[in-house]
Amino acid sequence: MLIRRRHGWEIPEHLATPEAVFLSRRALIGAAAGLAAGSLLGNRAAIAAVGDTALYPAERNSTYTLDRPVTPERFSADYNNFYEFGTSKSVLPAANALKTKPWILKIDGLVEKPFEIGVDDLIRKVGLEERLYRHRCVEAWSMAVPWTGFPLSKLVSLAKPTSGAKYIRFETFMDKAMAPGQRAFFYPWPYTEGLTLAEAANDLAFIVTGVYGKPLPNQFGAPIRVAVPWKYGFKSAKSLVKVSFTAERPKTFWEGLQASEYGFWANVNPAVSHPRWSQASERVLGSDERVPTLIYNGYGEQVAGLYKGLEGERLFV
Ligand code: MTE
């Protein structure tokens, strides 16, 4: 986590997401309209939809602060990596095809009892909060966004892993009809990622269901994704359908494609170059400015301890 040190140029938090204010008003109006529709029609879908939007914006957890302004949504919402919908950064139109309702998350593997849960039910069970996080892509661009969600540790508690569980594996949906990128046979679909259970228990590891004070737009990985801010962005798998607990280290999508360039740990480190480019600095989305990259993306105080005794591993690839 970044330290609560305010620089002269740092914008106050209450100005960081003016859209949230607007959205809270919109959510209230939407909720009222939806409730009316729900009671008149006895329509469960309408009521479920109300449940969604009425939860946003969630209260911001003030522990997580930034050393830079929040990236305006117009920049971050049209510069995405979501290979299921193509390799361009403008996946927004293609990602419209993603059907997110209903959406079931499966919890399985080394747990007391595997189960499935609808994302809306899960949200109601665990609650939501907003956190300002930085995101550093391995391609050397970065952004700072207000994610809404809940600590991954809450999902781990619900899952009740057994003593043999050492890792957590995330899996994205698989649907070639909906996601044209999945027709490209040379990628090891579905997209998978993983963390150790110790990493998953770190308070920074976050399950995300919203951004900018509203439910996740499709291109950000709706309706549920991960945010692991001290690691390169590819660790933050999108549109999750399955979370599994395993004894073995899971094989991940990018590792399956090119293990020499994209390893399991993938912690941010400016001193360790990607084989094809430097990681020393990053381009902040929405500006031409390059800023120095920080070890663990600036979250070293919170996470460096996770890697004591693992110095022999390729922690930064
Ligand atoms: N998850 C899935 N399922 N598919 C992807 O292509 N790309 C990853 C990660 N999660 C990706 C994914 C990469 S490389 C990055 S940098 C982030 O998502 C980008 O997140 P954003 O588009 O919301 O900024």
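Reply: A polar contact is a pair of N or O atoms within 3.5 Å; within protein, one must be able to donate a hydrogen and the other to accept it, and residues adjacent in sequence count only if both atoms are side-chain atoms. The model is predicted: local features need pLDDT of at least 70, side-chain atom pairs count only at pLDDT 80 or more, and totals for chains, interfaces and linings use all residues. Residues are numbered from 1 along each chain as its sequence is written, and side-chain values use heavy atoms, with hydrogens and water left out.

Me: How far is the R225 side chain from a ligand oxygen atom?

Reply: An N or O atom of the R225 side chain is 2.7 Å from an oxygen atom of the ligand. For K238, a polar side-chain atom also lies 2.7 Å from a ligand oxygen, and for N80 the distance is 3.0 Å.

Me: What share of the ligand's accessible area does the protein cover?

Reply: 99% of the 540 Å² that the ligand has on its own, by the Shrake-Rupley method with a 1.4 Å probe.

Me: Now the sheet. What is the strand order?

Reply: β2-β1-β10-β5-β6, an open sheet with mixed pairing. Strands are DSSP E runs of at least two residues, numbered from the N terminus, and two of them pair if DSSP finds at least two bridges between them.

Me: Which strands stand at the edges?

Reply: β2 (115-118) and β6 (192-196); each has a single partner strand, so one side of each lacks a neighbour in the sheet.

Me: How many bridges join β1 to β2?

Reply: Four, and the two strands run antiparallel. One of the pairs is L105 with I117 of β2.
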